[in-house]
Amino acid sequence: MPEWLIEEGIGETRAILLDSDTVLAAKCRWHGELYAGQTIAAKLASKRGVRGTAISPEGREILVDKLPRNVSEGSTLDLVVTRAAMTERGRYKLPSARPADTITKTADVFSGGKAVHRFPAGTWEDIWLAANSGEVEFNGGSLLFAVTPAMTLVDIDGDLDPRALALAAVGPLALALGQFDLGGSIGIDFPTLEAKADRKAVDSALGEALWDWPHERTAMNGFGFVQLVSRLEGPSLLHRFAASRTGMAARMALRRAELVEGAGITLLTVHPALKAKLEPEWIEELERRTGRPLRIETEPGLAIEAASAQIMGHE
C-alpha cells in the first residue's frame, strides 16, 4: 500500500509517496513560503470586481479571486492559498488565494504523512539528481524535460522505432510526472507517428498510465505532440532547479552533512557560490541536530550540486 513519508529537512520539508521500493510521487516545500491549501488571514489591499490583492501579516502580496461583491478594501479576510508563488524566467508570479468559504480543502500530505528521520537510502537522492539533470532514462530511450514560462516540455528520444519508442516512454513519463510534482501545462513531443492506429495506441496507453492523475489532455496530433493540463499548485522540482539551483543545492548540501555519522567535526565542501546560500540559522540547526561543529570549505572547481560531507577528528 503506498504511503506518504515526510522528512523534515533544514530549510525545507520533503515528502515521498513510497510503494514498496518505488517512489510514485515526491514533493518539496521550502520553509517560510506560502503553500497551496494554507489558510491565512490577510487584509484586502485592492479590489476590482471579484479580483484583487491582499497583504498577509508578513507583508506578502497575494492575488485573490472570487471575492464577494460586498467586501471592501481594508477588510480582513480568511483566505486559502490555491497556488504558491512561482519564479519563472524574467518574471515573478504572486501566490494566489480565494476566500476560505469558497474552497473545499483537500488533505495535505505534509501534515497527514508518516514522519521519518530519513527516507530509505537513494529514494530522494535519485529523484533530486534526475530533476537536476532534467533527464530520465528508460530502456531504449530517454525523457528530456525543459521548463519554459508557458509550459513544461518533454522531448522523447531513443533508438527504437517510433511506435515502440513512444509506447516505451509512456510508463516512465507517467512516473516522472509524479516524482517531479509537475502540474500546469505540459507538452510532450513523442516521435512522429504517421499511422492513425499507432497514435491511438499511444493515446490509449497514456489513458491507462494516467488514470489516477487528475488532468485533461489532447489526442496526439500528426506530429506526435500531446498536451496535458493539470492543476498547478506551486513550483515543481524542475521549476525549483530552474529558478534557484543554488537554493536546491544548498539544502541538499545540508542534508548530506546531516546524514554522515560519527564523532568529530562535520566538514562540508561546497562551491563558493553555495557557501553564501547557507543561512546562519541553517548552520546552527545542523550543528544542533548532529551534535557536531560544522566547518565549511570551498572548492571553486566543484559543481554547484556536488557538495560533499565527511567527519574529521577533533582538532
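This is a predicted model: local features need pLDDT of at least 70, side-chain atom pairs count only at pLDDT 80 or more; totals for chains, interfaces and linings use all residues.

Biologist: Which residues of helix α2 are the buried ones?

Modeller: In α2 (residues 123-133) they are T123, W124, I127, W128, A130, A131 and N132.

Biologist: What makes you call a residue buried?

Modeller: Buried means under 20% relative accessible area. By that cut-off, 44% of the 315 residues of the protein count as buried.

Biologist: And how do you know that α6 is mostly covered?

Modeller: Of the 15 residues in α6, 11 are buried. They are G247, M248, A249, A250, R251, M252, A253, L254, R255, A257 and E258.

Biologist: How do you know that the span of α6 agrees with what a helix should give?

Modeller: Helix α6 runs over residues 245-259, and at 1.5 Å a residue its 15 residues should span 21 Å.

Biologist: Why is a group of residues called a nonpolar core?

Modeller: The name applies because its members are buried residues from a set list, such as Leu, Phe and Trp, joined through side-chain atoms within 4.5 Å. The largest nonpolar core here has 45 residues, and W124, L143, F145, F180 and F190 touch the most other members. Helix α3 (residues 162-179) supplies the largest share of this core, 8 residues. There's also a second, separate core of 16 residues, including L254, L268, I296 and I304.

Biologist: What is L143 in contact with, leaving aside its neighbours within four places in sequence?

Modeller: L143 is in contact with G134, E135, V136, F138, V154, D155, I156, A169, P172 and L173.

Biologist: Zooming out, what share of the contacts with a separation of 6 or more comes from residues 24 or more positions apart?

Modeller: Those account for 64% of them. The protein has 8 helices and 20 strands, and along its principal axes the C-alpha trace spans about 70 × 60 × 40 Å.

Biologist: What about the surface and the charges?

Modeller: The accessible surface comes to about 15700 Å², with 50% belonging to carbon and sulfur atoms. As for charges, there are 35 positive and 43 negative ones, and their mean positions are 7 Å apart.

Technical notes
Residues are numbered from 1 along each chain as its sequence is written. Side-chain values use heavy atoms; hydrogens and water are left out. Helices (H or I, at least four residues) and strands (E, at least two) are DSSP runs, numbered from the N terminus. The expected span of a helix is 1.5 Å times one less than its number of residues. Buried means under 20% relative accessible area, exposed over 50%, partly exposed in between (1.4 Å probe, protein chains only). Contact means heavy atoms within 4.5 Å. Accessible areas come from the Shrake-Rupley method with a 1.4 Å probe; for residues, only the protein chains shown count as cover. Lys and Arg count as positive and Asp and Glu as negative; His and the chain ends are not counted. The place of a charge is taken as NZ of Lys, CZ of Arg, CG of Asp or CD of Glu.
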